[in-house]
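Please open the model in a viewer and keep the selection tool at hand.

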Amino acid sequence: MKNQNTVIIDGREIPIEGERNLLEVIRKAGINIPTFCYHSELSVYGACRLCMVDVEGRGLVSSCSTPPEAGMKIRTNTEEIRSMRKITIELLLANHDQNCPTCPKNTMCQLQNLAKNLGIKKVRFKNTAARAPIDDTSLSIVRDPNKCILCGDCVRMCSEVQGVGVIDFAYRGSESMVVPSFKKNLDSVECVYCGQCSRVCPTGALTPKPETDLVWKALDDKKKIVVAQIAPAVRVAIGEMFTLQPGVTTTGQIITALRSMGFDKVFDTSFTADLTVIEEGNEFLQRVIKGEKLPLFTSCCPAWVKFAEQYYPGYLKNLSSCRSPQQMFGSLTKEMLSMELGVKKEDIVVVSIMPCTAKKYEAKRPEFKKSGVWDIDHVITTQELGTMIGEAGLCFTDLEPGSFDMPFGFKTGGGIIFGNSGGVSEAVLRFVTEKVPGAKTDSYEFTQARGQEGIRELTVTLNGRTVKMAIVNGLGNAKKIMERIKNKEAEYDFVEVMACPGGCIGGAGQPVYHDNRVRGKRTKGLYENDRMLQLHRPQENPYIVELYKKSLEAPGSQKAHNLLHTHYKARKRIFKEGVTISGTSGTTVPLEVSICFGTSCFLKGAQNLLHQILEYIKTVDIADKVEVKASFCFEKCDSGPMIRVGDVVIEHATFDKVRAAMETALAGAHGNK
Amino acid sequence: MRTHELDLDRIKEDYLKKQDKVSRRVIVCAGTGCVANGSLPVYEEFVTTLMKHNIRVAVELKTEEEDVYVSKSGCQGFCQMGPLVTILPERILYTKVKKEDVEEIISATLIGGKAVERLLYTDSNTKKKCKGVNDIQFYKKQHRFVLKECGIIDPEDVNEYIAKDGYRAARKACLEMNAESICKEILDSGLRGRGGGGFPAGRKWDITRVQKNAKKYVICNGDEGDPGAFMDRSVMEGNPHSVIEGMIIASCAIGADEGVVYVRAEYPLAVKRMRKAVLDANKIGILGKNIFGSEHSFTLNVMEGAGAFVCGEETAMIASIEGKRGMPSPKPPFPAQSGLWGKPTVINNVETLATVPLIIKMGAKEYRKLGTAGSPGTKTFALTGHVVNTGLIEVPFGTTLREIVNNIAGGVTDDKGMISNEGFKAVQIGGPSGGCLVDEHLDLAMDFDSLKKAGAMVGSGGLVVMNKRTCMVSIARFFMQFTQNESCGKCVLCREGTKQLLNLLDDIIEGRATDETLALLEQLAYAVQKGSLCGLGKTAPNPVLSTLKYFRKEYEAHIKDKYCPTGQCKALAKFSINAAQCKGCTLCARKCPVGAISGEKAKPHVIDQKKCIKCGACVAACKFGAIGGGAK
Amino acid sequence: MKLRKFQKVCEIIEANDRKSSRLIPILQAVQEEYRYLPEEILTFIATALDISPAKVFGVATFYSHFTLKPKGKYIVRICDGTACHVKGSIKLLDALLAKLKLTAEVNTTSDMMFTVETVSCLGACGLAPAVVINDKVYGQMTPEKVVTVIDGIIEEEKHANTRA
């Protein structure tokens, strides 16, 4: 008996079943060891010191970083441990904003919970921290450093899982803080707005940016027609805010609630998800036939789109030109509804209810504003909707289920599964297998597209042509796939990228959860929704067939293009101007010559070019007319070295090209005088 | 690129031949301390003046016949007396040598053969002149074992190191021993880590040796950050090759082919000397591929720290070498299993590594004759504070505090530097991680285990002697401020805990403490000690706990009586007028900026404590010394 | 001038093989060149090493040796290690701050000539209390002696200026 692979926890014998650390074994035994900095998805950090346990013969160890060994005798709740946990929480509370009732994380905050569970009655330490300003410049996330407990979860999430690394620890000791570089605001750095940092933040230091006030204002305005669209992922998660299990579908209650609050029309984003499948499916087939711009990358995740614009601008032509379902809905609704109801577009207010924080940013991308009218006016998260339901005094679970308005409330199963990672791919497969002659499958389900892993691959054959697909969630995994593609280690025809683990159901706007199994339950919920619908293939959606017949004509048509497609642009990651190498003190506006010193251009000889250009300037004695700058990255890495002379951007720059451009520019300037 | 096969014997022979040709040697100490006091101009002056005298001078040993060889050495440890100049073969030691003295030394000693009396060290007790190190109390009572060549050899001359039988142990390790036998020898010797941990070096090496990984590393921890400690600095400046030799042997023992010497940036001379030593070792083939023609290869890189005390902790040092913030990681996994870049790594202190070649040469059994059974060998200490002789010393484990303070250090001094009969109040040992020793420990045979039992620790070897005028609460606060400043900020207990401990100590020192303060201080101190992530946090409360143990009454005086018994804490100074001495001249009352002093002319005056702001203006004004109670 | 320094940065990065693990030696070398770490240069280094600027900022602000603010020509470091503290280093600090009209927060003179800081331990404990000005160590200082040294430097600078 004793030789078995077991440990003894508080007197009970518990088997070791491959757990990485004591913490997981102890939790399996039903003892909830408190932690802040431990996350099964992130690397072990060991900073919060709450998970200490007593191991006989070794003393106090942190259970998150100690591997279990057979025969260990562990005690989780000695007086010493309790006392130390209390002191740790007291120390954190001493420097924390203790205004819980007004905090967005009220009742959902782990620090608050622990203070309650550990029976903290008094904080015996003084506040030593200076008050830091709140950063609410970002469209998606609010950063309140006064509530940060420096657990580092956000840092590791952004860096390890999402591969971006926009925030990190800075300074040292009691001056430590989690900040973007140079303490800049979130809107001035390369944040992609995925919000996963706020998802793992145990306190109210990082939270999604609220917009409910604006929505209430619109609802109260009698002159406005307020329209709601509900994303698939919302309906299987919002119930968690009202004591229902994750994965329980509450679509009907949501619709009734929205109507009670004053929404004039309630539609389903799954409708435009179906539409996206048609447009994107067609786009994909075109590309396969022509053999160009493959792989096709999905574009419905705005965090992924910004990520691609920042880090892989060379592949922007591969992104599907389709808008996301949210944005398709916005432009379609404003166009169709204004005609149908005979109202001005500016009097229609479209509100999206999304599981996502990046959608708030997507809605405000400049290309989604037509003649001064936004396609989407406001985006609220699942959490915000829950708050509004509470504000309206509605007893959510008691509401009579309602139904969507038509025509934008009808969907097939293909549209609904968009909320899961692999959903878009599966939906597209349901479309293309019917479109391509001889490829139709008996079942509408493509379970190979489903699963929890971050990178999944599958192959299908369409009329003899093998199509390789990759399904990715988590931007760090997207980075891996991109590197594989860049290095020609792998070849795909279709790549689906979702920034959030598990897909949209794991979005940062979803109700706060601490158990990763919640995601699996939400995923299951959506597939159940799919099963229960009568139609599963997007092309069968009669309202969509009607839409094409009546207005859009055909997928990819000019009309479809105007309303349903978009374009992308390479983005500078760093918003600073660059380093001035040789400035002028002249009074005339100098000609600016910018040389890209990004990695790729550097390797292609940017430094040599700089030298030659400076020599040239000296020789021809135009130092007072030219200002040379080193820029951070033109994001056209395939075409390097990149040099900009005035307004002209030169790709594959050589010294001769640059000199010619400089001569032209200076001559032109002269001529104009 | 080696041009010839590495032949230690031939190098030694060559060097000794050259050395024989020289009749006299002048060694000018060029350790940081003496350089600060101006030893480099002294060195220059020797060279130029000797040439003026038409004496054949060598600054480097060549084959021609030279009369006098003038060389620089590393720290000799007697920094207070620098610049130090040693004359061989007479072994005369001159102290506080100035540029202007050089001429006299040359004519009197080098030419005339007589010592210059006024430059010799005077024993503070006997008042007798001491000719050389063997006569000086400070040196006589030491056992300079690891430090033997520091202060003699030219640290920038690898040939001299070899002439003194350097690198023979490395050769033995590479050619005659295998990994297992090396580990066993070090394990048998009982060598314990000299950085503070006291972990058996042989065991650490053995654990690393058995890890199955083709890539392993050896790291030398030269990040000696303890304020008041300069042992490692002296070894790196004075005998850098001993460290390299130790690392080569370690690399053979565990199977590593790459090493890093991490030196704190505040030691620019040590960095320079280590870099030069590595360069020279590479040149003659002691580092690189197939050392001594064996299968073993080992390369070294010297990395400079960037000003973070916490990087002395091994996992933090590893993070720093990897280009990250120097924040520690939880252990397990230990560096022996997963260290630099996730590979098995041995990290040893400078002194530990410098001891290794000596052990391999003399054998474990012989080594064990030094020191105590539980702590064999010697330990260097940086002796500072209120004593006559401060400096770097080396004694065998088992030496008592009495021997160090009274014999080597020459006794306790008062604030003016004069010998005091009061004895010391406490000796802080182990720097900011350590505890204090008091009178009852005077005859404690100091080693790792006995000190641990007494609630202190050897630490890196800082020994600060404090006289009776020292406020122990203030000392605890001083160390806490240091640790708090250096905390990396990762774990809650250290980051917030040390800050709050500092606040509580400030409350005590500034008179704001209440009855709860002491209990809270203790409770918090234990929590930080037990729960912190790394050694910095775990040992940060030691000075507090240690001073509380022995000087609780002093804390209580600060808290209950709002009074500092030594008068050091300005905020608690209580100025009072001695009625017997007061002449009633009213000068103090007039000087007082807040009108706290009252009294009639020619009658004793009185200070209203409630109004007094403790500025001390009255004390300065009183011509009769009638006002006392303030900090001096 | 700017060009030479910027080229030096490129050279430093190349000499370190553009490895992100060499970030600290790179920052040390760059600071040697600029006497501090300018924001644009740090951002450039991040791009060149392919790591996020936040990470570089995090490393640059962790270590005491790195400074993101320009320092004076003469950096006066007063050792506040145990031995020096016990021998009165704080009095030296007070004297210097008073002499140069500085405070703990504003510790660089407006003419960018002097920066005064405290340092944990220089390892010159036998010479306590010790002061380092740039690379020169001054031992057994008193408040009067250290002010004299500063006066000497001020004089020297004046002469250098009049000569130039």
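Begin by selecting E426(A), R430(A), E445(A), R450(A), D530(A) and R531(A), which are linked in a network of salt bridges. A salt bridge here is a side-chain nitrogen of Lys or Arg within 4 Å of a carboxyl oxygen of Asp or Glu. Over all chains, a search of the whole structure finds 87 salt bridges.

Two conventions apply throughout. This is a predicted model, in which local features need pLDDT of at least 70 and side-chain atom pairs count only at pLDDT 80 or more, while totals for chains, interfaces and linings use all residues. Residues are numbered from 1 along each chain as its sequence is written, chains are lettered from A and ligands numbered from 1 in the order in which they are written, and side-chain values use heavy atoms, with hydrogens and water left out.

**Individual salt bridges**

Next, select K411(A) and D268(A), whose side chains meet in a salt bridge (3.1 Å, N to O). K411(A) lies in the loop between α13 (382-391) and α14 (413-416) of chain A, and D268(A) lies in strand β11 (residues 265-268) of chain A, so the pair ties together parts that are 143 residues apart in sequence. Helices (H or I, at least four residues) and strands (E, at least two) are DSSP runs, numbered from the N terminus. Is K411(A) buried or exposed? K411(A) is buried, with a relative accessible area of 14%, and D268(A) is buried at 0%. The term buried means under 20% relative accessible area, exposed means over 50%, and partly exposed lies in between (1.4 Å probe, protein chains only).

Move to D515(A) and R517(A), which form a salt bridge of 2.9 Å, N to O. D515(A) is partly exposed at 31% relative accessibility, whereas R517(A) is exposed at 62%.

In chain B, select D206(B) and R209(B), whose side chains form a salt bridge (2.8 Å, N to O). These two residues are three residues apart in helix α9 (residues 201-209) of chain B, which means that about one helical turn separates them. D206(B) is partly exposed, with a relative accessible area of 26%, and R209(B) is partly exposed at 21%.

**Between chain A and chain B**

Now display chains A and B together. Contact (heavy atoms within 4.5 Å) joins 34 residues of chain A to 31 residues of chain B. The area buried between the two chains is about 2800 Å², with 56% given by carbon and sulfur atoms; buried area is the accessible area (1.4 Å probe) that two parts lose on being put together, summed over both. Select R49(A), L91(A) and R172(A): they supply 22% of the area that chain A buries against chain B, more than any other three residues.

Three salt bridges are counted between chain A and chain B. R172(A) meets E486(B) in a salt bridge (3.3 Å, N to O). On the side of chain A that touches chain B, β4 (59-62), α2 (79-94) and β7 (167-170) of chain A each supply at least two residues. The largest share, eight residues, comes from α2(A).

**Between chain B and chain C**

Which chain does chain B also contact? It is chain C, where 33 residues are in contact with 45 residues of chain B. Chain B and chain C bury about 3000 Å² between them, 61% of it on carbon and sulfur atoms. A306(B), R325(B) and F478(B) supply 20% of the area that chain B buries against chain C, more than any other three residues. Across the interface of chain B and chain C, zero salt bridges are found.

**Nonpolar cores**

Finally, select W304(A) and M662(A), the residues with the most contacts inside the largest nonpolar core, which has 258 residues. A nonpolar core is a set of buried Ala, Val, Leu, Ile, Met, Phe, Trp, Tyr and Cys residues joined through side-chain atoms within 4.5 Å. Helix α19 (residues 492-509) of chain B gives the most to this core, with nine residues. Leaving aside neighbours within four places in sequence, the contacts of M662(A) include L591(A), V593(A), I613(A) and Y616(A). Apart from this core lies another, of 70 residues, among them I153(B), I286(B), V346(B) and V350(B).
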